[in-house]
Amino acid sequence: NIKSGMKKRASVIFIGFLLGAFGVGQYYANLPQVYNYTGEDFTISDSISFPTKNIIKHETKEYRYRDTKDKVYNIWIHHLAVAPSSSVSAIANYHVNSHGWAGIGYHSGIAENGDVYIFNKLESISYHTRGQNTTGISIVLWGNYTDKYPTEEQIKSLELVIEALEQSVKVGKISVHRHAPKAKTTCPGNYAVKTLEYYGILRDN
């Protein structure tokens with residue numbers, strides 16, 4: 001209905017932009033894929049639907065809703081800090097059953113082959129960056145970048161994800177987890193930070 005659609009308007013714009021950028025990835029084997037793990041089906045247009053895939057979610061908890069209209073959101077970039085072969089299900093299980101969270105904490109993830117995973121609606125206040133969750137949007141690079149560089153495919157997809165976010169909400173700074181005020185971490189790893197700086201992806205305002 002209209003009311004429900006307005007409550008996820010930013011997410012629909014975000015997903016629609018990504019599907020367009022990737023040529024509606026599901027239909028083109030040579031392009032990265034875009035996967036929906038939000039637990040909610042999206043209708044982008046009369047001809048494009050984006051059904052969800054099922055992963056572990058908490059039985060009773062849900063992330064809080066936020067109205068994204070006219071607010072500024074900062075983007076926080078993370079890494080998994082584990083092998084890129086780790087499955088989405090394994091990360092969901094860890095976040096739900098070890099941390100007791102409602103679901104995976106990140107808003108989206110980017111695999112080393114450039115595939116994009118969408119875990120939470122932009123309107124969801126998920127858990128990712130201490131002290132920054134209410135006004136933050138999180139992107140996780142799927143792997144461990146303490147001793148190796150992210151792939152070229154990841155960086156290309158990251159740039160598209162950021163562009164999609166800028167089409168959907170007002171974006172402030174684009175930073176890394178380690179630079180958050182209350183962070184006590186090296187996330188997303190030295191090699192990821194070097195790469196993000198090299199490509200000019202990070203910005204302070």
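**View 1. Buried residues of helix α2 in the predicted model.** Within helix α2, the residues A10, S11, F14, I15, L18 and L19 are buried. Seen down the axis of α2, these buried residues fall within an arc of 160 degrees, so they line one face of the helix. Their cover includes the strands β1 (34-36), β2 (42-43), β3 (49-50) and β7 (116-118), and it also includes helix α4 (152-168).

**View 2. The span of helix α2 and the residue just after the helix.** Helix α2 comprises 13 residues, numbered 9-21, and the distance from its first C-alpha to its last is 18 Å, which is close to the 18 Å expected at 1.5 Å a residue. Just after α2 comes G23, whose phi is positive, at about 65 degrees.

**View 3. Strand β5 and its burial.** Strand β5 covers residues 72-79 and is mostly covered, with seven of its eight residues buried. As a general point, side chains in a regular strand alternate between the two faces of the sheet.

**View 4. Pairing of strand β5 with strand β10.** Strand β5 pairs with strand β10, which consists of residues 170-176, in the parallel sense and over five bridges. Within this pairing, the residue standing opposite I75 is I174 of β10.

**View 5. Pairing of strand β5 with strand β9.** Strand β5 also runs parallel to strand β9, made up of residues 136-141, and six bridges join these two strands.

Key: Residues are numbered from 1 along each chain as its sequence is written. This is a predicted model: local features need pLDDT of at least 70, side-chain atom pairs count only at pLDDT 80 or more; totals for chains, interfaces and linings use all residues. Side-chain values use heavy atoms; hydrogens and water are left out. Buried means under 20% relative accessible area, exposed over 50%, partly exposed in between (1.4 Å probe, protein chains only). Helices (H or I, at least four residues) and strands (E, at least two) are DSSP runs, numbered from the N terminus. Two strands pair if DSSP finds at least two bridges between them. The expected span of a helix is 1.5 Å times one less than its number of residues. The arc is that of the directions from the helix axis to the C-beta atoms. Contact means heavy atoms within 4.5 Å.
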